[in-house]
Amino acid sequence: MPPTKPLHLFLILTVTINLCSAELPSFREAPAFRNGRECPRTTWSSLDKQIHNPSIIHIAMTLDTAYLRGSVAGVYSVLHHATCPENIVFHFITTHSHGTKLTRAITSTFPYLNFHIYYFNINLVKGKISLSIRRALDQPLNYARMYLADLLPAGVRRIIYFDSDLIVVDDVINLWSINLRGHVLGAPEYCHANFTNYFTSKFWSNPVFTAPFKGRSRNPCYFNTGVMVIDLWKWRGGKYTEKLENWMRIQKRHRIYELGSLPPFLLVFAGEVEGMEHRWNQHGLGGDNLEGLCRALHPGPVSLLHWSGKGKPWLRIDSKKPCPLDSLWAPYDLFRYPSLFSDS
């Protein structure tokens with residue numbers, strides 16, 4: 001039976017979208033965000049190798065073609081709510097395959113943005129990545145957060161790391177100013193979560209694997225690595241990248257977890273994290289890693305909304321099946337929708 005006209009039109013549009021998917025999305029130009037009168041006048045250059053300027057807020061994010069729309073919304077949300085947006089420096093980590101196009105996209109969307117591009121050598125992790133429960137978690141760039149201390153200039157003492165599927169609805173200076181109290185890493189902790197679920201029975205049955213947790217200052221708790229404040233100087237001094245890599249090698253031999261880059265962070269840092277208010281990572285809005293069903297906010301105030309999980313707001317919006325909370329992400333979406341009709 002021949003397809004009806006609506007289905008035929010749908011098929012044509014689907015083919016057109018797939019053909020265009022190789023190209024990066026187009027975005028509207030963001031407005032210029034300027035500092036308030038109370039902001040210190042300062043500048044930062046990547047040439048300042050050893051100089052730490054506490055008035056400059058450093059934020060690291062990854063850039064790739066699949067999540068570019070989320071990254072742009074995240075950057076826009078940070079600038080929109082910042083008192084001193086001109087004192088924010090973005091450090092984007094990407095790969096050589098699409099670096100030029102991605103840089104051009106950021107430049108055209110944010111002409112006034114102070115940002116730097118760093119190229120991540122995916123060969124550093126290719127032989128260490130184990131298959132996880134979701135393909136997106138296995139992408140090499142997902143592990144770049146482990147190498148920030150190697151990628152960024154030595155003058156960057158502290159960094160905020162953000163995933164590309166979140167928006168900030170508060171002044172980021174409030175996150176930047178957190179007291180790490182001597183810890184390497186700060187993040188919201190979720191001690192009610194069943195910590196044993198993040199590792200296999202083989203892990204828990206081997207006292208050699210579980211031994212590191214016994215020496216921690218507190219009981220280990222789950223934390224989400226999509227929002228972290230990191231002291232890079234302490235990280236470098238403690239050689240934490242090497243510690244994370246070591247657990248990845250153990251995973252390749254013994255299969256002790258299923259969740260990509262998260263478990264190595266838990267193995268190295270859980271129980272030694274400076275806890276932050278949960279308002280700074282209202283995570284899980286993308287549902288679980290298998291179905292991506294709609295979820296509600298956790299109780300309490302909100303400073304950051306995070307669509308961790310399978311469901312991403314831009315995909316659900318485009319499919320005409322948004323979740324209720326996706327409407328909170330939509331105002332920061334600078335995606336330029338193509339017109340179905342031309343003036344000609």
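Select Cys-191 and Cys-221: they form a disulfide, with their sulfur atoms 2.0 Å apart. A disulfide here is a pair of cysteine sulfur atoms within 2.5 Å. The torsion about this S-S bond is about 105°, so the disulfide is right-handed. Cys-191 lies in the loop between β6 (185-190) and α7 (201-204), and Cys-221 in the loop between α8 (207-214) and β7 (222-223), so the pair ties together parts that are 30 residues apart in sequence. The helices (H or I, at least four residues) and strands (E, at least two) are DSSP runs, numbered from the N terminus. Cys-221 is buried, at 7% relative accessible area. Buried means under 20% relative accessible area, exposed over 50%, and partly exposed in between (1.4 Å probe, protein chains only).

**Before you go on**

This is a predicted model, in which residues are numbered from 1 along each chain as its sequence is written. Local features need pLDDT of at least 70, side-chain atom pairs count only at pLDDT 80 or more, totals for chains, interfaces and linings use all residues, and side-chain values use heavy atoms, with hydrogens and water left out.

**The whole chain**

Now select everything. The protein chain has 13 helices and 10 strands. Of its 344 residues, 51% count as buried. Colour by pLDDT, the predictor's confidence in each residue, from 0 to 100. The chain's mean is 89, and 89% of its residues reach 70 or more. Next, pick residues 1-21. Here pLDDT stays under 50, and the model has one contact beyond four places in sequence for this stretch. A contact means heavy atoms within 4.5 Å. Across the chain, take the contacts with a separation of 6 or more: residues 24 or more positions apart account for 76% of them.

**The other disulfides**

How many disulfides does the rule give? The count comes to three. Select Cys-39 and Cys-84, joined S to S at 2.0 Å. The torsion about their S-S bond is about -95°, so this disulfide is left-handed. Cys-39 sits in the loop between α1 (5-20) and β1 (57-62), and Cys-84 in the loop between α2 and β2 (88-94), so the pair ties together parts 45 residues apart in sequence. Both Cys-39 and Cys-84 are buried.

Move to Cys-294 and Cys-323, a disulfide with S to S 1.9 Å. With -85° about the S-S bond, this link is left-handed. The pair links distant parts of the chain, 29 residues apart: Cys-294 is in the loop between β9 (274-276) and β10 (304-306), and Cys-323 is in the loop between α12 (313-318) and α13. Are these two cysteines buried or partly exposed? Cys-294 is partly exposed, at 44% relative accessibility. Cys-323 is buried, at 6%. Number the bonded cysteines in sequence order, and the pairing reads 1-2, 3-4, 5-6.

**Helix α13**

Select Ser-327, in helix α13 (residues 326-329). Ser-327 is partly exposed, with a relative accessible area of 48%. Its side chain reaches the backbone oxygen of Pro-324 at 2.8 Å. Ser-327 and Pro-313 are 14 residues apart in sequence and 8.4 Å apart in space, C-alpha to C-alpha.

**Helix α2**

Last stop: residues 68-81, helix α2, with 14 residues. From first C-alpha to last, α2 reaches 20 Å, close to the 20 Å expected at 1.5 Å a residue. That expected span is 1.5 Å times one less than the number of residues. In α2, 12 of the 14 residues are buried, so the helix is largely enclosed by the rest of the structure. Among the buried ones are Leu-68, Gly-70, Val-75 and Tyr-76.

Terms used. A polar contact is a pair of N or O atoms within 3.5 Å; within protein, one must be able to donate a hydrogen and the other to accept it, and residues adjacent in sequence count only if both atoms are side-chain atoms.
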